[in-house]
Amino acid sequence: MKLVWTSLALAGMLAATAQAQTPAGTMEKIQSAGKIVLGVRESSAPMAYAIGADRKYAGYHVELCEKVMARIAPKVKLEYMALTAQNTMPLVENGTVDMGCGPTTNNLTRQKQVSFAVTTYVSQVRMAVRADSGITSFKQLDNKNIAASAGTTAVQLLRKYGKDNNVTLPTSLGKDHFESFLMLESGRADAFVLDDNLLAGVIASSKNPDGFKIVGEVLGSEPIALLFRKDDPVFKKAVDGALTEMMRSGEVAKIYDKWFMQPIPPTNKPLNLPMSDTLKQLLQEPNDKPLEAYAN
């Protein structure tokens, strides 16, 4: 009898240990802690960025995160943590950050690490040109100088476009978006190719925002979404439900207009980037499809 009792006790201890090692769901975790950690960015306007001396975090995706939490856990305190593109995935995956609110692309590789909410933005690779240039198509850039930022998907997309359309697209690489834009601004490049929302942000912060415009065919599209820990269906259902409700009520469209069409800090100038037809369709029919589903 003593042996049986010991075995049962041991089994109970092992079960308790296993339960303790199983991470609680995000909803249970934040309710217990009384707070949720939102991962944000410091310089990804208008999606997520820090404003002013007190570094207040704001932007389209930050506001969406805040509105979602107001619906699904209104009493939970919001705590912000600045992330980079490099550390977003691991910090969300290990639970340090409960929800990522930056401009993160949903793709199949990342889906192995984290879960994504329904898509709330579709980034489209296009080009910025001088407003008086008359350029409207990439075909007009044949043998003209183009600026792009090192390490961006724009570089590969330009090569593919040139090959597919039999045009030569000489490309100069800037170390960052501001250096690339300077090539366009100074006349050393006829176009600057990048994601449309990032182009809009750089133009809005330039010395002469009215002197540039975003034009051209869409070279590639990437779905951008909020993200959170993988294998947490309860939290995903809550977030997706809140976002879907906001999409159908028109609230997401209003938040989009606020950040992409109206004057925004710190320059108080509008980005003038109308909602794409692709995103309009997604607001009608929400989904969480990855980048691979958007291949042109």
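Visitor: Which backbone atom lies 3.2 Å from a polar atom of the side chain of serine 137?

Guide: In this predicted model, that atom is the backbone nitrogen of lysine 139.

Visitor: Where does serine 137 sit, and is it buried or exposed?

Guide: Look in the loop between strand 8 and strand 9 (146–149). Buried means under 20% relative accessible area. Serine 137 has 16% relative accessibility, so it counts as buried. If you skip residues up to four places away in sequence, serine 137 touches Met127, Tyr161 and Glu217.

Visitor: Now serine 206. Where is it, and what does its side chain reach?

Guide: Serine 206 is found in the loop between helix 8 (196–204) and strand 12 (212–215). Its side chain reaches the backbone oxygen of isoleucine 203, at 2.6 Å. With 11% relative accessibility, serine 206 counts as buried. Again leaving out residues up to four places away in sequence, serine 206 touches Phe181, Glu185 and Phe212.

Visitor: How do I read a helix that has a buried side?

Guide: Start with the general idea: an α-helix has 3.6 residues a turn, so residues three or four places apart point the same way. Now try helix 11 (residues 277–284), where Leu279, Leu282 and Leu283 are buried. Looking down the axis of helix 11, you'd see its buried residues fall within an arc of 100°, so they line one face of the helix. Over on the other side of helix 11, Asp277 and Gln284 are exposed.

Visitor: What covers the buried residues of helix 11?

Guide: The cover includes strand 8 (121–130), helix 9 (233–249) and helix 10 (251–260).

Visitor: What about nonpolar cores?

Guide: In soluble globular proteins, nonpolar side chains tend to be buried together. Here the largest nonpolar core has 65 residues, and Tyr60, Ile72, Met99, Tyr121, Phe235, Val239 and Phe260 have the most contacts inside it. Another core lies apart from that one; it has 18 residues, among them Met127, Leu141, Tyr161 and Val193.

Visitor: Which residues is methionine 99 in contact with?

Guide: Set aside its neighbours within four places in sequence, and the contacts of methionine 99 include Val37, Leu38, Gly39, Cys65, Met69 and Leu226. Phe235 and Val239 are also in contact with methionine 99.

Visitor: And how do I look for empty space?

Guide: Rolling a probe the size of a water molecule over the atoms shows where empty space is left. In this structure, the largest pocket holds about 1300 Å³ of space. It is lined by 45 residues, and the closest to its centre are Arg41, Ser43, Ser44, His177 and Leu198.

Visitor: Which helix gives the most to the lining of the largest pocket?

Guide: That's helix 8, with 5 residues. Other elements that each supply at least two residues of that lining include helix 4 (88–93), helix 6 (153–165) and helix 7 (177–185).

Visitor: How many cavities of 30 Å³ or more does a search of the whole structure find?

Guide: The search finds 1. The largest cavity has a volume of about 30 Å³, and its lining is made of Thr26, Lys29, Gly95, Val97, Asp98 and Arg229.

Terms used
Residues numbered from 1 in each chain as written. Predicted model: local features only at pLDDT ≥ 70, side-chain atom pairs only at ≥ 80, totals over all residues. Heavy atoms only, no water. Buried < 20%, exposed > 50% of the residue type's maximum accessible area, 1.4 Å probe, protein only. Helix = DSSP H or I, 4+ residues; strand = E, 2+ residues; numbered from the N terminus. Arc of directions from axis to C-beta. Contact = heavy atoms within 4.5 Å. Polar contact = N/O pair within 3.5 Å; in protein donor to acceptor, adjacent residues only side chain to side chain. Core = buried A, V, L, I, M, F, W, Y, C linked by side-chain atoms within 4.5 Å. 1 Å grid on protein atoms, 1.4 Å probe; cavity = no way out; pocket = protein on both sides within 12 Å on 5 of 7 lines; lining within 4 Å. Points joined across faces, edges and corners; volume = space filled by probe spheres on them.
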